[in-house]
Amino acid sequence: MDKVAAIIRDMFEDYDGPVNDALTAEQVPDWDSLAQVKLMVAVESEFGIRFESREINEPANVGELVQMIEKKLAKK
Amino acid sequence: MIPDGYANLSTLLEHQLAVYPEHRRYLEKRFKDASPEHLRLTDELAGNVLRIAGDEVRTICADYKWMVNWTLNEELYFRRNGCYRLSKFADAYAEVYSNIPLMTQYVNGILASQIWWRNHTEVLGYFRDTFVAGNPKGFRHLEVGPGHGLFLQLASASPNCASAEGWDVSPASIAATREALTRMGNRHKIDLVEMDITKPPARQFDSITFSEVLEHLEEPLAALKSLHGLLAPGGRIFVNAPANSPMPDHLYLFRSPEEVVDMMKEAGFDIVDTLFAPPTGASLEQARKQLLSVSAVVIGTRP
């Protein structure tokens with residue numbers, strides 16, 4: 001979670017609210033569809049994993065994203 | 001989101017939000033802090049988009065939504081690999097240009113983006129107020145790849161414009177531009193000609209527009225050199241090409257707006273002025289850092 005939070009903080013410099021499992025894109029002003037792509041590629045790079053195209057918009061909040069990362073890391 | 005007094009823009013926005021409500025937050029950002037001058041320009045352009053759209057305005061807005069989502073896969077590829085997915089014209093033809101229904105949606109989406117993407121609107125304003133306004137009385141104008149017709153409409157409307165032509169390699173594109181100009185109520189005589197600029201005729205123009213074409217070419221430098229030959233000595237050319245802009249038919253990657261300037265110089269043009277327009281919500285500095293699409297506009301002249 002700490003690594004994901006760091007990526008989110010780095011990407012959305014103007015957001016100073018809490019980064020927790022419940023955080024959604026709607027709560028972060030600059031988190032649009034393009035930012036979602038950038039975020040997922042940054043996560044891929046950080047964790048050495050790869051998302052399917054259909055998975056890019058799958059996580060509904062940060063908690064679900066962390067779960068997706070954990071599942072992919074478990075399969076490595 | 002839009003103050004009173006901008007009826008065209010408000011109407012188009014209403015249609016857009018009806019088919020793409022999840023775009024509201026982006027559009028709020030788009031018009032936050034917009035100056036009255038920018039809103040006037042955008043409203044005028046929105047009027048032209050509405051006239052082109054006619055009773056298909058909802059289709060145009062739906063196709064814009066489709067285009068935004070369609071291009072996200074290209075963005076994904078670009079972010080992962082640091083390059084555009086395609087580099088050969090034959091591949092772009094097979095995937096995109098030969099698919100007429102898809103092309104119709106794509107062109108409609110691009111038309112709406114002239115209003116919803118701040119850099120696109122800014123480029124049109126710069127074209128009208130800096131390039132066209134700076135052309136001398138009696139200028140002979142050419143646009144290569146006139147597409148949606150908005151640039152050709154603005155150039156031909158100048159009281160200094162003596163003649164205007166539009167060239168394209170595609171008969172379907174020529175027909176679409178002709179229809180758009182008619183719908184915009186263009187009363188000027190504009191010759192729209194099927195022409196390949198790699199085999200240019202022995203003619204010269206005082207003013208040339210080449211907007212969002214370079215990035216679709218395998219050999220953009222050769223195209224610029226060809227245009228250099230078509231520009232009369234002392235004439236002016238307006239080149240607009242995006243840097244870091246992954247789209248399904250973009251072949252040539254400019255990694256910075258300066259690369260467009262450098263290519264213009266290499267083709268033999270003297271540089272008169274430039275505009276580097278970052279996308280909605282980003283500064284030029286942020287766009288450079290995050291590799292966001294930047295519209296690079298270069299006004300050149302032939303010494």
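How many salt bridges are counted between chain A and chain B? The count is 4, where a salt bridge is a side-chain nitrogen of Lys or Arg within 4 Å of a carboxyl oxygen of Asp or Glu. By the same rule, 21 salt bridges are counted over all chains.

The structure is a predicted model, in which local features need pLDDT of at least 70 and side-chain atom pairs count only at pLDDT 80 or more, while totals for chains, interfaces and linings use all residues. Residues are numbered from 1 along each chain as its sequence is written, chains are lettered from A in the order in which they are written, and side-chain values use heavy atoms, with hydrogens and water left out. For chain A the mean pLDDT (the predictor's confidence in each residue, from 0 to 100) is 93, and 100% of the residues of chain A reach 70 or more.

At the interface, 19 residues of chain A are in contact (heavy atoms within 4.5 Å) with 13 residues of chain B. The two chains bury about 1,400 Å² between them, 49% of it on carbon and sulfur atoms; buried area is the accessible area (1.4 Å probe) that two parts lose on being put together, summed over both.

One of the salt bridges between the chains joins Asp32(A) and Lys29(B), with the closest N and O atoms 4.0 Å apart. This pair runs from the loop between H1 and helix H2 (33–47) of chain A to helix H2 (residues 24–31) of chain B; helices (H or I, at least four residues) and strands (E, at least two) are DSSP runs, numbered from the N terminus. Asp32(A) has a relative accessible area of 26% and is partly exposed, as is Lys29(B) at 23%; buried means under 20% relative accessible area, exposed over 50%, and partly exposed in between (1.4 Å probe, protein chains only). Asp30(A) belongs with Asp32(A) and Lys29(B) to a network of salt bridges.

Other salt bridges lie within a chain. The side chains of Glu55(A) and Lys72(A) meet at 3.1 Å, N to O. Glu55(A) is in the loop between H2 and H3 of chain A and Lys72(A) in helix H3, so the pair ties together parts that are 17 residues apart in sequence. Glu55(A) counts as buried, at 11% relative accessibility.

In chain B, Glu165(B) pairs with Arg203(B) in a salt bridge, the closest N and O atoms being 2.5 Å apart. Glu165(B) is buried at 9% relative accessibility, whereas Arg203(B) is partly exposed at 38%.
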